[in-house]
Amino acid sequence: MAFHSRIDSPEIPKFSDLKRLACDQLIYLLEQLPGRKDLFIEADLMSPLDRIANVSILKQHEVDKLYRLDNKPVISSCDQLCFLIRPHIQAVKWISEIVNSDKITGKCRKYKIIFCPQKFYVCEAVLEEQGVFGDVTCDEWEFYFLPLDDDIISLELPEFFRDYFLDGDQRWVFATAKALHYFHSLFGLPLKVYGIGKCAKMTYEMWRQFIEEGEKKLSTDKTGNLFIFDRDVDFVTPLCSQVVYEGLLDDVFRIKCGSVELCSDVTASDKTIKVLLNSQDKVFNEIRNEHFSNVFGFLSQKAKNLQTAYDKRQGMDIKQMKNFVSQELKGLKQEHRLLSLHISASEYIMKRKTKLDFQELLKVEHSLLDGFNVRESISYIEEHIIRQISMFESLRLLCLLSLTENGLVSKDYRSLKSQYLQSYGIEHVLTFANLRQMGLLVEQQPGETFTAMESTVGKLVADKAVGKLTDAFSSLAKKSNFRALSKKLTLIPKSNEEYDLHSPPDMAYIFSGAYIPLSCKLIEQVLERDGWNGLEEVARMLNGNEFAVAAGGGGAGESKPKPQSSRLMFVIFLGGCTFSEISALRFLGKQKGYKFIIITTAITNSSRLLESLNDGHS
Amino acid sequence: MIRGKGDEEDYWNSSKFKAFTFDDDDEFSQLKESKKAVNSIQTLVDDDDDDDEDDVEKVGWNGEPVGSISLSIKETASRNRMSATDQELGFPKIETTMQNLSLSKQGSNYSLSSLFKGKNKMGNFQMLSECVGEIPSRHFAPELRKPKSQYKTYTLEDFRALRDKMLLLDEAVQLHNGNVITAVLIFLKKTLSKEILFRELESRQVALRHFIHYLKEMEELKLLNELLKFLGRTEEMALMQYREHLNLKDVNKKKEALKSCISLPFSAEDAGFVQDHYTLLERQIIIEANDQHMEKTGQVEVFKKNPRKAAILDMPIITTLYYSCFYHYGESEVST
């Protein structure tokens, strides 16, 4: 089964313009420093930059050498240094050091800092403190969007997740709102905006301000609907093991900016190969959303077809052969190459997963989601920890347990934590503290404790502030409610018959029929009901902050929205989105006749999520 | 400019300001008044010395000169004039939407937008509900091609009264923009004593979170420790100090740091873990020194057959246990 487009699916806008515009802007900024210059790029920006403006384009605009920005002394002899960074304090400090050491040695250079996508006040404050504010020029490169494919756009801000959800810092809200505004000013305002989550609300409010205070002449053409989704509304889905092909590739090889590096074990050659993964790769496009069990069948069929096509030349005469070579051979060779790559990748994945007893792991995950045989699952996790199988896998299972069971029983929490620390290092008390704060791995609290705490502190502060404090505490002690939600939304399909993975009836296929992702189910329901009617209880269990509005004011002469365009759905995930969710939404789109465009602050998976919260390292 | 007593007399007795009292119950009108007041102070400042701003030193709460902020606004402004704007690039839609400042819709608030026009580049200002000030003050960024009167600039130094500062902070929080909130906090940190600042932040969760994150990023651990202590978040404080030990490279320094961590106010179970960590590292150092020596001598069978891949330092307990069984099985208990 492949997702061939429906004849009636709406047309998607061309996102390649976004790349071109970003590239043009960068070049413009570079040209503000005329003459030869060396460019220092922050590590995180190297891959996105590569997709926007490659080395040759940069060289065309007088960029001499490219360096990675890090804490090493600069060996460049160029007179002009240009730095392309995210607004991180560490990067600004390094740059200040460079400038200051130049001052000491008497070197006279020009320095330009390009902040991407925006400059923070803190960065300028640091420049000022270090005494280099007057020596550098600062610019902003408003590069927001990296189109990873026809229907995926990433803001490449993985730090969003930790900065907002752990530290409560709203620094990226502006950039996200601005990005939304920029996006819709290019492609038209949405007809309706739905959302859930505190950050979603803030982003929406800020975006609305941009629109209201903006030019009235913005195109009144309205296209599609928008759904803004906070990651913390659904933590369970990104923590589940992925079994759709693209998700597996991400889990095993780590896809970066839409491409993946296959090591020599996979390619059976000495070098690593970098493969670009998008809809241009015909083979990939057919299998990316497939459940892994279907992939081998598909690939072998494809291989057979390829063989047949090659074999055609057996009975050919010269003329036919010539024709064959000039027209078909190239395409076949291309397909052959891609096919062999994907077959090797699949084989590698199979080997890895069998070694780690993937089947057993999935069974445990499904039991956790189901709430079935919890004690057995806990023993499995215990053994997983004791055998030191994998630091993040163990942690992932612990978090899944906590989320699905509304926290661990005190005894279990203490014993599992102790075992984890003994197996993987005591420094992980820091990680555990972070996870507790996020609500990902918590101890079940007896009901009274919460209220007692609240009332005690309430007495200590003025009345006005109590409301704010209660908010703070309630966000700290956010309950998971997964089980109740699962029942209400029927996230676990009935297991009477065998689940057909070849023609699946619903989105649960992305988890082998065991679980429909909460995030996608919510989106489905809200779109079906055109709002949150009937979902009030669900929203309450998700800690509220849901909204549904018809965006952009009315106005005389507003063009009638085309029925086509109302089936175009933009979904923006604040805090990250997994490939499994993307596959699920693509499936949903096929099922219901929508076309989903996914915008995310970053692509994520369980490893990335937990890594960002891991403080147990230097 | 050092505002002399005379100016203040003029200000208070001027007919422009009626019924401006601090005792007003209605917060809305208070805000309006404060804002008007701020506006006019700005005017006075401007009226007096528009030209030689740079020479005059401004003094903040603690008596320290705070002229740097206004200076930097000017510098940035001139720099903005020199460096390019994004406008010529063909983003007219976006730029002009940013520039079209409309009147406030929900009543008047402080405007931080103009200040941050100085801080941020053209396309990036904070859209705030603009307050209706009659007199334009410092003019800004002429290349924005809008009538100058539409832009108002304020310097943070004008917010001197504690009440004003807190209103400013609350307003910033309302805007949801973390960058602005942090900027205001940096200003408050400079111009308020820490006790006052801590007290005010205690009841403002969003601002507090931003402040803590800021201190962490700037590695101002001493101040952060004091803040956490003040808030009674002693466990967090302990964990933070514990975290510091991870940055130490030298093993013995690490051991000393861990030792000092033991007495910190961890939660009961965490305290036990930290104690274990110290004991473990202590043991590992001894084992490592011993084993390294043995390996070098090349006498011991087990080390020759199975050379060590890595030092035992910093390894988790289970790994250490495995290592000990592997290399030291059958030995009598080492006296440590």
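Good morning, colleagues. Please keep in mind throughout that the structure before you is a predicted model.

I begin with the division of chain A into domains. The assignment gives domain 1 as residues 32-142 and domain 3 as residues 245-355. Domain 2 is written in two segments, 144-234 and 479-618, and domain 4 likewise as 358-405 and 407-471.

I turn now to domain 2 and domain 3 of chain A. Their C-alpha centres lie 32 Å apart. How many residues of each domain are in contact with the other? On the side of domain 2 of chain A there are 19, and on the side of domain 3 of chain A there are 15. Between these two domains of chain A, about 1500 Å² of area is buried, and carbon and sulfur atoms give 40% of that area.

Across the interface of domain 2 and domain 3 of chain A, 14 residue pairs are in polar contact.

Which helices of chain A each supply at least two residues of the side of domain 2 that touches domain 3? They are helix 25, residues 579-592, and helix 26, residues 606-613. By class, that side of domain 2 of chain A has 7 nonpolar, 6 polar and 6 charged residues.

I now leave the interface for the aromatic rings. Over all chains, the search of the whole structure finds 38 aromatic pairs. One of them joins A:Phe160 and A:Tyr164, a tilted pair with 6.3 Å from centre to centre and 45° between the planes. Both residues lie in helix 6 of chain A, residues 159-166, and they are 4 residues apart, about one turn of the helix.

Finally, two features of the backbone. The peptide bond from A:Cys116 to A:Pro117 is cis, with omega near -5°. A:Pro117 lies in the loop between strand 4 (110-115) and helix 5 (121-129) of chain A. The other feature concerns A:Asn406, a residue other than glycine whose phi is positive, near 60°. A:Asn406 is found in the loop between helix 17 (391-404) and helix 18 (410-424) of chain A.

Thank you for your attention.

Technical notes
Residues are numbered from 1 along each chain as its sequence is written. Chains are lettered from A and ligands numbered from 1 in the order in which they are written. This is a predicted model: local features need pLDDT of at least 70, side-chain atom pairs count only at pLDDT 80 or more; totals for chains, interfaces and linings use all residues. Side-chain values use heavy atoms; hydrogens and water are left out. Domain bounds come from an automatic or database domain assignment. Contact means heavy atoms within 4.5 Å. Buried area is the accessible area (1.4 Å probe) that two parts lose on being put together, summed over both. A polar contact is a pair of N or O atoms within 3.5 Å; within protein, one must be able to donate a hydrogen and the other to accept it, and residues adjacent in sequence count only if both atoms are side-chain atoms. Ala, Val, Leu, Ile, Met, Phe, Trp, Tyr, Cys and Pro count as nonpolar, Asp, Glu, Lys and Arg as charged, and the others, Gly among them, as polar. Rings of Phe, Tyr and Trp (its six-membered ring) pair if their centres lie within 6.5 Å; planes under 30 degrees apart count as stacked, over 60 as edge-to-face and the rest as tilted.
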